[in-house]
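Hello,

Here is the structure I said I would pass on. Please look through it before reading my notes below.

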There are 2 protein chains.
Amino acid sequence: MSIDTFTITDNHRLNLPSIDMPPRILLGAGPSNSAPRVLAAMLAPTVGHLDPTFLQVMGEVSELLRYAWQTDNEYTIAISGTGSSGMEAAFANVVEPGDRVLVGVNGYFGRRMVDMAGRYGADVRCLETTWGAAFSPEELRAGMEAHRPRVLALVHAETSTGVRQPLEGLAELCREHDCLLLVDTVTSLGGVPLYADAWGLDVAYSGSQKCLSSPSGLAPITFGPRALDKIRNRKTPIANWYMNSELLGKYWFGSPRAYHHTAPMHLFYALREGLRLAAEEGLAARWARHQAVAERLWAGLGELGLEPHVPLEIRLPSLTTVRVPAGVDAAAVSRRLLTEYNIEIAGGLGDLAGKVWRVGLMGYNARPESVAVLLRALADVL
Amino acid sequence: MSIDTFTITDNHRLNLPSIDMPPRILLGAGPSNSAPRVLAAMLAPTVGHLDPTFLQVMGEVSELLRYAWQTDNEYTIAISGTGSSGMEAAFANVVEPGDRVLVGVNGYFGRRMVDMAGRYGADVRCLETTWGAAFSPEELRAGMEAHRPRVLALVHAETSTGVRQPLEGLAELCREHDCLLLVDTVTSLGGVPLYADAWGLDVAYSGSQKCLSSPSGLAPITFGPRALDKIRNRKTPIANWYMNSELLGKYWFGSPRAYHHTAPMHLFYALREGLRLAAEEGLAARWARHQAVAERLWAGLGELGLEPHVPLEIRLPSLTTVRVPAGVDAAAVSRRLLTEYNIEIAGGLGDLAGKVWRVGLMGYNARPESVAVLLRALADVL
């Protein structure tokens, strides 16, 4: 061994203190704070990625994700990356070069879909509307007829605008056009009413760090039978290895289970606990809790003279965009909340930069005390 | 909100107990056990992915990775995925469709490189040798002259065979041919002598869960100036969004820092502590510790009549392949070690399936007590 052939330099040998992070109250666009039970579960002992005990955890995560999504899809897993990797996994697997993909763009994440679909060679068409509006069934039908896409991609819960896109009735429209329905549920899964099978979603993905009260780093994803058919009949290989549904399928469901990557087991322990909390609470109670807490926030904002950006009927409970009053420096307010109160809220993204704040009440943080501390601190700062 | 429009089904509403994982001693091919200080650091409070305190953690991780790799490369980051995502990030960024890529295939991970490079449109050529051998400088020179590639891809520490590929002198060869040197250091970074700059590596990547004593889920990667030049001069967009070095660069180094994805902050806290432990110990001591502990293992295996598969001069200290004696059921031995002693060792992969066991002594687990418990348990079981 040639330890002595070269000289080790200490140029970058930092001498650091122990980690010491501030106790933030995360009321922004995500991550949200994890539930204490989730953090405790994360420290269960490390086992191998093919250990029988870990394969069981994977199966439990699959099954509880099916509950959260209200789906019977066998192919329901978590990608070992963040929510954005879920979006990429969705497009990488179902899109072939030249496939026409119609994306509903009414916010930042719709734009990101356009970018990603393009990288996989899609013939991308956009249906656009205002940041703060949703698409009507008529607009979607007209778009489908004008573009005749193979994939319709929509964001159920636009984290950049706080808009809930209604999805009821689209399954029929997509089936008429032999088109897949691909939906971003990053900011809805576990907090906002969502029925993947009843709504006929063919592909949906999410993130662990929002309404599921777990740390960031896993991207739940589910593929229905129509999506799996399209993948099986691809003429070109899936142009991605790490998020490849065929290779991942052999790891998640193969017999014997085949090594693909070294799953981040501690994040899986955490997500299992986050999902277990959701199952204990039950979706009806959980969705109602998110709604009730959001209504407290909206009432309180009104008392402060602040106005939500999105009309009530399409307003997300998990993420509220709040209009910045004229003459107020949005960034300065966020900064004071962070530095004086340890409260994180998010600023506007894209078209809404500087125009709104974004307030998330997700999962463990969807509690009255989150609203109380934020409203009082906002009143102090404004 | 249409909570009542559909009926929530409880089909998949599992009622699970608390997580309860067995206390494995992970002496396989990785993951390895994390150091206790790393697990403690992982539970520091969650902050946002653009929180100033988190940006500082990212900077510290970059700097300590530079120390571990012995590189001055500014572009030194961790991808938010496992080691395999590091491999994909390397190829996705530097390979354009049609680029000739020469891969040294002497094990499973060389084969994986062939697969990944192909998915990004490379004209892949293979240089092959036995699983258990390394490539000689003459073989590499002949391969470079025969194929004249834009990228030479080698595995420094082949986790499937336990071979250490010598890399000294290749920088000059690659520069003569205007070729990038791309190296897998998953099972060497932090445990095996490695001088990225002195050896002229243009791209190197690793995983957090091996010699860095951290949980799985992050893939350190470093791009040198020649690799960044090739990326800047691409004629085609990088066909990957999540692992895109340009977009990631704006998050890691931009001014202001631009949102890309919601980094898994708890894994970053953990990796920071794993790297801090390496900096405290110092690379010279750390490499010597891995070597000394491996030598104990090799001596003990000899006493049991067991033989390492790889010649001493190219044998990795971090991962030893042990030949399965004639008449012994390799899988049965592994299973008994796991179920009776909570010890995980790995079986052979690919060409070596059933022919070897793989014993890892990495990071925190590179200690005399790991060797002692394994040797005694092996003696009992055989």
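The notes below cover the relation of the chains, then a sheet, then a helix.

This is a predicted model, in which local features need pLDDT of at least 70 and side-chain atom pairs count only at pLDDT 80 or more, while totals for chains, interfaces and linings use all residues. Residues are numbered from 1 along each chain as its sequence is written, and chains are lettered from A and ligands numbered from 1 in the order in which they are written.

Chain B has an open sheet of seven strands in the order 2-10-9-8-5-3-4, with mixed pairing (strands are DSSP runs of E, at least two residues, and helices runs of H or I, at least four, numbered from the N terminus; two strands pair if DSSP finds at least two bridges between them). Strand 2 (76–79) and strand 4 (123–128) of chain B are at the edges with a single partner strand each, so one side of each has no neighbour in the sheet. Strand 8 (180–184) and strand 9 (203–205) of chain B run parallel, joined by three bridges; B:Asp184 has B:Tyr205 as its bridge partner in strand 9.

In helix 7 (225–232) of chain A, the residues A:Arg226, A:Ala227, A:Leu228 and A:Lys230 are buried (20 or more other C-beta atoms within 10 Å of their own, with C-beta atoms placed from the backbone).

Regards

Technical notes. A residue is buried if 20 or more other C-beta atoms lie within 10 Å of its own, exposed if 12 or fewer, and partly exposed in between; C-beta atoms are placed from the backbone.
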